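Subject: Structure handover

Dear colleague,

Please find the structure below, for your files. My notes on it follow.

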Amino acid sequence: MIPGMPKVPPVLTHLDVERLNALVVSQSDAVELKRLAHELRRATVIPAHSAPADLVTMNSTVVYDDEQSAAPKEVTVVYPWRAGERGTVSVSSPLGRSLLGMRVGRSCGALDESSDGGALRIVAIAYQPEAAGDWHL
């Protein structure tokens with residue numbers, strides 16, 4: 001978290017919450033998933049069909065910048081079993097948890113206590129399943 005910046009609860013769709021809660025329950029011993037469970041409990045939950053197009057949801061491709069690099073980066077927020085594919089980041093990782101539920105233009109800090117607290121800013125969403133009508137993702 002960025003010092004002095006309030007920790008805004010993520011905005012998550014009900015479908016993402018249901019699917020992520022199932023993941024957390026199935027593998028409840030993993031430390032990163034316990035941190036994800038905490039974020040799920042803090043979340044403001046909205047219907048999936050009302051997700052604004054500028055909201056980072058599961059399987060969204062996000063363009064963000066940070067304090068450590070000059071150029072924006074692009075990643076897709078995915079479930080842990082897809083992480084490792086080129087251009088993906090697991091939702092259970094500190095970066096994935098930081099991005100999920102944020103909106104374009106918002107800044108957030110890393111959610112991992114061991115991080116240096118660098119700021120992330122959502123620049124754009126290149127793809128969002130809800131906006132594309134891809135409800136199966």
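In which strand does D66 lie? D66 is part of strand β3. The model is a predicted one, and everything below should be read with that in mind.

D66 is buried, because its relative accessible area is 13% and the cut-off for buried is under 20%. The side chain of D66 makes a polar contact of 3.2 Å with the side chain of K73. Leaving aside residues up to four places away in sequence, D66 touches K73, A119 and L120. K73 is therefore a partner of D66 both in the polar contact and in the list of touching residues, where contact means heavy atoms within 4.5 Å.

Next, N59. This residue sits in the loop that runs between β2 (44–46) and β3 (61–66). N59 is buried as well, with a relative accessible area of 6%. The phi angle of N59 is near 70°, which is a positive value in a residue other than glycine. A polar contact of 3.2 Å links the side chain of N59 to that of R82. Apart from residues up to four places away in sequence, N59 touches T76, V77, V78, Y79, R82, Y127, P129 and L137.

M58 belongs to the largest nonpolar core, which has 26 residues. Those that touch the most other members are L20, L36, V56, M58, V77, V91 and L99. At least two residues of this core come from each of α1 (14–26), α2, β3, β4 (73–78) and β7 (119–127). With residues up to four places away in sequence again left out, M58 touches D16, L20, V77, V78, Y79, V91, L100 and P129. V77, V78, Y79 and P129 are among the residues that N59 touches and also among those that M58 touches.

Last, the cavities. The structure holds three of 30 Å³ or more. By type, the lining residues of the second largest cavity are five nonpolar and two charged, with no polar ones.

Regards

Key. Residues numbered from 1 in each chain as written. Predicted model: local features only at pLDDT ≥ 70, side-chain atom pairs only at ≥ 80, totals over all residues. Heavy atoms only, no water. 1 Å grid on protein atoms, 1.4 Å probe; cavity = no way out; pocket = protein on both sides within 12 Å on 5 of 7 lines; lining within 4 Å. Points joined across faces, edges and corners; volume = space filled by probe spheres on them. Nonpolar A, V, L, I, M, F, W, Y, C, P; charged D, E, K, R; others polar. Helix = DSSP H or I, 4+ residues; strand = E, 2+ residues; numbered from the N terminus. Buried < 20%, exposed > 50% of the residue type's maximum accessible area, 1.4 Å probe, protein only. Polar contact = N/O pair within 3.5 Å; in protein donor to acceptor, adjacent residues only side chain to side chain. Core = buried A, V, L, I, M, F, W, Y, C linked by side-chain atoms within 4.5 Å.
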